[in-house]
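Work through the exercises below with the sequence and the 3D view open. Try each task before reading its solution.

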Amino acid sequence: PVEKILISACLLGQPVRYDGRAKTQESDLLACWREQGRLVTVCPEVQAGLATPRAPAEIQAGDGHDVLEGSARVITRDREDVTPAFLHGAELALALCQRHRIRYAILTEASPSCGSQRIYDGDFAGHTVAGMGVTSALLTRHGVKVFSQHELGRVAALL
Ligand code: SF4
């Protein structure tokens, strides 16, 4: 069987982002993997029950690992604490990985769920800091290697 890859739904054109848009990534590699039946899509936030569109959320005072450890929270711009939904979405993504024996994920950079190297800093001013989103942190802790949409070549080299 082909090795499956978890991928953020918004990268494949699904309009599931907080602003009701997609973040479509045009790529021959993605088209090829899709053709081969490798891609398993996930939107942790929507699958956890959050609406689209929804208020933007950022991790306050830490990154996804801190959220998993209970020392940081995910807060919307309207000051609503959405940490439980983000944790639930991460668990759903992990369950998908386990079901399909997935070792590699390609998730949308800078999202509070899906970011793998950068996330927004919690001030809603457009500034990013080093860190992972909640889903990326949970997957990483369970041995799934998380890449961004800018690293497709690195994933190809592993297949
Ligand atoms: Fe895309 Fe991930 Fe945000 Fe869903 S949670 S819209 S998949 S970046």
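The model is predicted: local features need pLDDT of at least 70, side-chain atom pairs count only at pLDDT 80 or more, and totals for chains, interfaces and linings use all residues. Residue numbers start from 1 along each chain as its sequence is written.

**Exercise 1. Describe how helix α4 and helix α5 pack.**

Step 1. Find the helices. α4 covers residues 83–99 and α5 covers residues 134–141. Helices here are DSSP runs (H or I, at least four residues), strands are E runs of at least two, and both are numbered from the N terminus.

Step 2. Take the geometry. The two axes are 8 Å apart and meet at an angle of about 40°. Axes are lines fitted to C-alpha atoms over the stretch in contact, and angles run from 0 to 180 degrees between N-to-C directions.

Step 3. Classify the angle. α4 and α5 are therefore oblique to each other. Under 35 degrees is roughly parallel, over 145 roughly antiparallel, 65 to 115 roughly perpendicular, and the rest oblique.

Step 4. List the contact. α4 supplies Phe86, Leu87, Gly89, Ala90, Ala93, Leu94 and Cys97, while α5 supplies Val134, Thr135, Leu138 and Leu139. Contact means C-beta atoms, placed from the backbone, within 7 Å.

**Exercise 2. Decide how enclosed α5 is.**

Step 1. Count buried residues. In α5, 6 of the 8 residues are buried, so this helix is largely enclosed by the rest of the structure. Buried means 20 or more other C-beta atoms within 10 Å of a residue's own, exposed means 12 or fewer, and partly exposed is in between.

Step 2. Name them. They are Val134, Thr135, Ser136, Ala137, Leu138 and Leu139.

Step 3. Identify the neighbours. These buried residues pack against α2 (44–47), α3 (64–68), β4 (73–76), α4, β5 (104–106) and β8 (145–147).

Step 4. Look past the helix. Gly143 follows α5 and has a positive phi, near 90°.

Terms used: Contact = placed C-beta atoms within 7 Å.
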